[in-house]
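Subject: Structure handover

Hi,

Here is the structure for your files. Please have it open as you read the notes below.

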Amino acid sequence: MNSTFNNQQAYEKAQKRVKEIKGFYSHLITYCLVIPVIIFVNLRFTPGFYWFWFSALGWGLGLFFHWLGIFGFRLLGFGKDWEERKIKEFMNQNN
C-alpha cells in the first residue's frame with residue numbers, strides 16, 4: 001500500500017511539473033505571436049515613437065521570471081531542496 005501511495009504522489013508531482021512547463025511554453029508562444037502584432041501596429045500608426053519597446057521589454061521581463069521560476073532556479077542549483085542540501089553539506093564539513 002505504501003508503494004502505491006508513493007507512486008501516486010510521484011505521478012501527481014510529475015503531472016504538476018508538466019502542467020507548469022506547458023504553461024510556460026503557452027506564455028512563450030503567446031509572446032512570440034503578439035509582440036510582432038504590437039510592433040506592426042506601432043510602426044504602421046505611430047512610426048515616430050517606438051512605444052512597442054515598453055510592451056516587449058515589460059512582457060519579456062515577465063516571461064523571463066516565469067522561465068526562472070520553472071527552469072532557472074533548478075538549473076542554477078537552487079531547487080526546493082537546496083537549503084536542506086546546504087545544511088547537510090555544512091554539517092559534514094564540521095565533522
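K16, R17 and E20 are linked in a network of salt bridges. A salt bridge here is a side-chain nitrogen of Lys or Arg within 4 Å of a carboxyl oxygen of Asp or Glu. The model is predicted, so local features need pLDDT of at least 70 and side-chain atom pairs count only at pLDDT 80 or more, while totals for chains, interfaces and linings use all residues. Residues are numbered from 1 along each chain as its sequence is written, and side-chain values use heavy atoms, with hydrogens and water left out.

Searching the whole structure gives two salt bridges.

One joins the side chains of E20 and K16, at 3.8 Å from N to O. These residues sit four apart in helix α1 (residues 2–45), so about one helical turn separates them. Helices are DSSP runs (H or I, at least four residues), numbered from the N terminus.

The other pairs the side chains of E20 and R17, at 3.9 Å from N to O. Both lie in helix α1, three residues apart, about one turn of the helix.

How exposed is each partner? E20 is partly exposed, at 27% relative accessibility. K16 is partly exposed at 48%. R17 is partly exposed at 22%. Partly exposed lies between buried (under 20% relative accessible area) and exposed (over 50%), using a 1.4 Å probe and protein chains only.

Best wishes

Key: Helix = DSSP H or I, 4+ residues; strand = E, 2+ residues; numbered from the N terminus.
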